[in-house]
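Student: Hi! Could you walk me through this one? I'd like to start with a helix and then hop around a bit.

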Amino acid sequence: MQRAVIILRAKDIQFEVTYIDLREKPDWFLEISPHGKVPVLKVDDDVLFESNAIAEFLDEVVPPRLHPEDPVKRARNRAWTDFTPSWSGAFGKVNYAKTKEELDEALEALPKVLDRVEEALVVERGNDGPFFNGPEICLVDAAYAPSLHRFMMIEKILHTGALDSYPKIQAWSDALLADARIKTSVPEDFDEAFHSALERRETYAATLMESAAAAE
Ligand SMILES: N[C@@H](CCC(=O)N[C@@H](CS)C(=O)NCC(=O)O)C(=O)O
């Protein structure tokens with residue numbers, strides 16, 4: 001959902017957003033979402049689903065173009081967007097680890113994705129950024145920002161230092177999270193909702209949050 005909202009904001013498109021309680025999906029949502037998943041985008045009477053399809057649609061119909069004009073660069077951007085399930089899966093294992101052991105295991109696996117993206121930021125870009133392709137935000141930024149956003153929140157609790165040896169990713173993350181289009185891509189109660197999800201999922205991060213609160 002956040003990724004679609006970032007793109008809508010980057011293109012200054014007027015929209016209304018309805019957040020869905022995924023534990024209690026309303027019937028009207030299940031009727032329009034073929035896989036019962038978010039996001040879906042309703043455009044007049046048409047319903048689009050799957051983040052990649054929605055992103056590509058928005059980029060085709062509303063300027064400014066967020067994809068590179070060069071077809072080779074565009075294909076490589078698409079390839080890096082296709083890598084996001086591996087990327088967000090690896091971060092998800094850190095965020096939602098239930099025990100210290102699970103956390104350590106997840107942190108040990110994280111360099112597998114971090115190494116590849118750090119290298120991509122060096123090799124693909126050839127400039128100082130701050131975004132994936134350079135000075136302008138692009139669809140790859142919109143795809144990676146949600147995981148970085150959640151991880152930086154987790155980092156305030158876990159202090160893993162996982163990005164310390166990845167200066168390009170750290171700088172990219174800083175630029176993304178400082179950007180108004182990304183800052184305003186989540187609901188106002190996002191921090192609270194994320195922390196509640198950590199508690200509900202009985203994560204290791206939630207136990208640290210509880211200990212910190214008890215010590216205050
Ligand atoms: N491949 C889909 C994945 C969407 C997806 O997994 N959405 C999650 C939330 S991030 C969801 O709706 N989960 C609810 C469920 O699976 O029941 C996309 O990129 O749009």
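This is a predicted model: local features need pLDDT of at least 70, side-chain atom pairs count only at pLDDT 80 or more; totals for chains, interfaces and linings use all residues.

Student: What do the buried residues of helix 4 pack against?

Tutor: Quite a list: helix 1 (2–10), helix 3 (51–61), helix 5 (84–95), helix 6 (100–123) and helix 7 (139–158).

Student: How far apart are the end C-alpha atoms of helix 4?

Tutor: They are 16 Å apart. Helix 4 runs over residues 71–82, and at 1.5 Å a residue its twelve residues should span 16 Å, so the two values agree.

Student: Nice. Switching to the ligand: which residues surround it?

Tutor: The ligand is surrounded by L22, K25, K37, V38, P39, E50 and S51.

Student: How much of the ligand's accessible area does the protein cover?

Tutor: On its own the ligand has 510 Å² of accessible area, and the protein covers 56% of that.

Student: P39 was in that ligand list. What is the peptide bond from V38 to P39 like?

Tutor: That bond is cis, with omega near 5°. P39 itself lies in the loop between helix 2 (27–32) and strand 1 (40–43). The bond from G129 to P130 is also cis, with omega near 15°, and P130 is in the loop between helix 6 and helix 7.

Student: Where does F132 lie, and is it buried or exposed?

Tutor: F132 lies in the loop between helix 6 and helix 7. Its relative accessible area is 1%, so F132 is buried.

Student: What does F132 touch, leaving out residues up to four places away in sequence?

Tutor: Its contacts include N77 and W80, which are among the buried residues of helix 4. F132 also touches A120, L121, E124, R125, C138, V140, D141 and W172.

Student: How about D59, buried or exposed?

Tutor: D59, which lies in helix 3, has 2% relative accessibility and therefore counts as buried. Beyond residues up to four places away in sequence, D59 touches K11, P64, R65, L66, H67 and L139.

Student: Last topic, backbone angles. What is phi for H159?

Tutor: H159 has a positive phi of about 45°, although it is not a glycine. You'll find H159 in the loop between helix 7 and helix 8 (167–178), and its relative accessible area of 60% makes it exposed.

Student: And what about phi of E202?

Tutor: Phi of E202 is near 50°, a positive value in a residue other than glycine. E202 is in the loop between helix 10 (190–200) and helix 11 (204–215). At 60% relative accessibility, E202 counts as exposed.

Note on methods:
Residues are numbered from 1 along each chain as its sequence is written. Side-chain values use heavy atoms; hydrogens and water are left out. Helices (H or I, at least four residues) and strands (E, at least two) are DSSP runs, numbered from the N terminus. The expected span of a helix is 1.5 Å times one less than its number of residues. Buried means under 20% relative accessible area, exposed over 50%, partly exposed in between (1.4 Å probe, protein chains only). Contact means heavy atoms within 4.5 Å. A residue is near a molecule or strand if one of its heavy atoms lies within 4 Å of it. Accessible areas come from the Shrake-Rupley method with a 1.4 Å probe; for residues, only the protein chains shown count as cover.
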